[in-house]
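Q: Can you walk me through this one? I'd like to start with the overall layout and then look at details.

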Amino acid sequence: DPTLTRRAEAAYPQTLTRQASGVRVLQARAQVGVALGEFFPQEQSVSAKYSYDRIPLTVPYNLIDNTYQQALFGAQAAWELDLWGKIRRAIQSADAAFLASVASYDDVLVTLLGDVASTYVKIRTLETQLRIAHENVVKQELALKIASNRFKGGVVSKRDVYQAENALGQTQSSIPGLEKDLAQAKNALCVLLGLPPGGADDMLAGPSTIPVAPPEVAAGIP
């Protein structure tokens, strides 16, 4: 179903849940970098100093040069040796957390696309049920008219008229419930796509047929 395909593609960049899961993946990746950094010096310092001195000419010494310069440079680094595997275990833990966040991201995508597809199929099913209900109302109104005319002509009893009225009333009473369910399903689709409720009609433009599953699917899909 091309409309379903477009809605599934739109769910990727617009859904807040997917974006939050993606940020958690980036967070876990940064934590792996922090853990790897423990192998390097935890404390680093660099210092430098330069001085220029001039002896006053009033000093009673016969100096060739009465100025002198001095430059100092120093660096220091300190780190913890991983003798007992503390840092290595921390890196393994960060790696596992990173892979878990990636799996969680994939799980969110699978759940999101599954919800989008099931909600879309529900919408198309409700639209089909509504269309059939309206068609049945037209047919049952004609049946009631025929039953009334036959009763007036003395061909049938009043019971046939009551039965036609009862069938028509049941069909008419089902329409508001179907319309309510359809509105709820459309709003649910908007929420899944990260859109405000009430804007699904433009997205659903096109054939309103119920999608049919292919006869064969990928291995592992029930």
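A: Along the sequence, the pattern of the protein is α-α-β-β-α-α-α. Keep in mind that this is a predicted model.

Q: OK, how many helices and strands is that?
A: The secondary structure comes to five helices and two strands.

Q: And how much of the protein is buried?
A: Buried residues account for 25% of the 222 residues.

Q: What about the nonpolar core, which residues touch the most other members?
A: The largest nonpolar core has 26 residues, and those touching the most other members are Val116, Ile123, Leu189, Leu193, Met203 and Leu204. At least two residues of this core come from each of α1 (2-14), α3, α4 (158-192) and α5 (200-203).

Q: Which residues is methionine 203 in contact with, leaving aside neighbours within four places in sequence?
A: Methionine 203 is in contact with Thr3, Arg7, Leu189, Cys190, Leu193 and Leu195.

Q: Which residues does the second core include?
A: That separate core has five residues, among them Val32, Ala35, Ile87 and Ile91.

Q: Switching to the surface: which residues form a nonpolar patch there?
A: Trp79, Leu81, Leu83 and Trp84 do, and together they have about 600 Å² of accessible area.

Q: Where is tryptophan 84?
A: Tryptophan 84 sits in the loop between β2 (67-78) and α3 (86-152).

Q: Why does tryptophan 84 count as exposed?
A: Because its relative accessibility is 80%, and exposed means over 50%.

Methods. Residues are numbered from 1 along each chain as its sequence is written. This is a predicted model: local features need pLDDT of at least 70, side-chain atom pairs count only at pLDDT 80 or more; totals for chains, interfaces and linings use all residues. Side-chain values use heavy atoms; hydrogens and water are left out. Patches are made of residues with over 30% relative accessible area and no salt bridge: like charges are joined within 9 Å, nonpolar side chains (Val, Leu, Ile, Met, Phe, Trp, Tyr) within 5 Å. Accessible areas come from the Shrake-Rupley method with a 1.4 Å probe; for residues, only the protein chains shown count as cover. A salt bridge is a side-chain nitrogen of Lys or Arg within 4 Å of a carboxyl oxygen of Asp or Glu. Helices (H or I, at least four residues) and strands (E, at least two) are DSSP runs, numbered from the N terminus. Buried means under 20% relative accessible area, exposed over 50%, partly exposed in between (1.4 Å probe, protein chains only). A nonpolar core is a set of buried Ala, Val, Leu, Ile, Met, Phe, Trp, Tyr and Cys residues joined through side-chain atoms within 4.5 Å. Contact means heavy atoms within 4.5 Å.
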